[in-house]
Amino acid sequence: MPAELKISEDNDGRRVDRVLRTLWPEVPLGAIMKALRTGEVRLDGKKTKGEARLEQGQILTVPWKETPRGKAEPSAPPSGGRPLETLYRDGYLWIVNKPAGLLTQPDVKGGDSLITRALCELGWSRDDYRPATVQRLDRNTSGAIIIALCGAAQRHLSELIRERKIRKIYRAVVKGLTEAEGRIDIPLLKERSENIVRPDAGGDAALTLYRRIAAAGRSSVVEAELVTGRPHQARAHFAAIGHPIVGDVKYGGGGGAKRPLLHARTIIFPEDAELPAALRGAAVTAPLPADMKKYEGETL
């Protein structure tokens, strides 16, 4: 029999296609889109489109038999998984300090990832909504990342990020002596076949602002604000100006570290009435990992 889902407050206002992809991740995207085109996905018994917005109390019917998989699996953290380091947490959101080497989302069913560990630590058992990150860090990038714990948070935080009202400040160690400060305004194009980003006039607009805060031997420690949030933005931008991130082999940073020395240092929230009072206008900072602390001693 087709599966049914009653729309909860957390999914109120979300697009049909995004809810389908979140709660039925094992169903291929092609199958989801085909079911929408053929009218097999129904809302309150009627055909619906992927871009339609859901309302609390509606009944969403899908043709596949599987029940929603919004709950955490496995029920315990993967072997060797450490508890997440909490920077801030309430009922609205959870900010954690992601370690380098950990995926944000699992790449295989039941695989280890930030969100897998978060769901396990939360003891998540609901199948109508699944907490989700509202930004993504590369596997080898460490630092502060936001997990929305309810639908209202996910929608509003995503909106604030799209409108560039949440500021993201990174710390990086790059090759060579940079200018004291700079502006990197270079469009970027992603080569999906190679999973690499390159400067291209036809690419997406991308803006990075930076200032040098230390000089360490033949390297510089920079504080960078990613005004836009393009994939690999900091890595591609610093490589483009001749200062690739130390340890970033893919973008010319070579050795000197076991991973690209890039850390999501601080998240700065706006004065916004919908945010928890403790976060309005506040900054949440993630401590530097051990492989970057050694560069602190020469801070300018």
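Predicted model: local features only at pLDDT ≥ 70, side-chain atom pairs only at ≥ 80, totals over all residues.

Residues are numbered from 1 along each chain as its sequence is written, and side-chain values use heavy atoms, with hydrogens and water left out.

Q: In what order do the four strands of the open sheet run?
A: Strands here are DSSP runs (E, at least two residues), numbered from the N terminus, and two of them pair if DSSP finds at least two bridges between them. The edge strands, each pairing on one side only, are strand 1 (3–6) and strand 3 (46–47). With antiparallel pairing, the order is 1-4-2-3.

Q: Which residue in strand 4 stands opposite Lys6?
A: Strand 1 and strand 4 (residues 59–62) run antiparallel and are joined by four bridges. Across from Lys6 sits Ile59.

Q: Which residue takes a positive phi in the hairpin of strand 11 and strand 12?
A: Strand 11 (residues 188–191) pairs with strand 12 (residues 196–199) in the antiparallel sense over four bridges. Four residues lie between the strands, and the one with a phi near 50° is Asn195.

Q: How much space lies in the largest cavity?
A: A cavity is a set of points on a 1 Å grid over the protein atoms alone, where a 1.4 Å probe fits but cannot get out; its volume is the space filled by probe spheres set on the points, which are joined across faces, edges and corners. The structure holds two cavities of 30 Å³ or more. For the largest, the value is about 50 Å³.

Note on methods:
1 Å grid on protein atoms, 1.4 Å probe; cavity = no way out; pocket = protein on both sides within 12 Å on 5 of 7 lines; lining within 4 Å.
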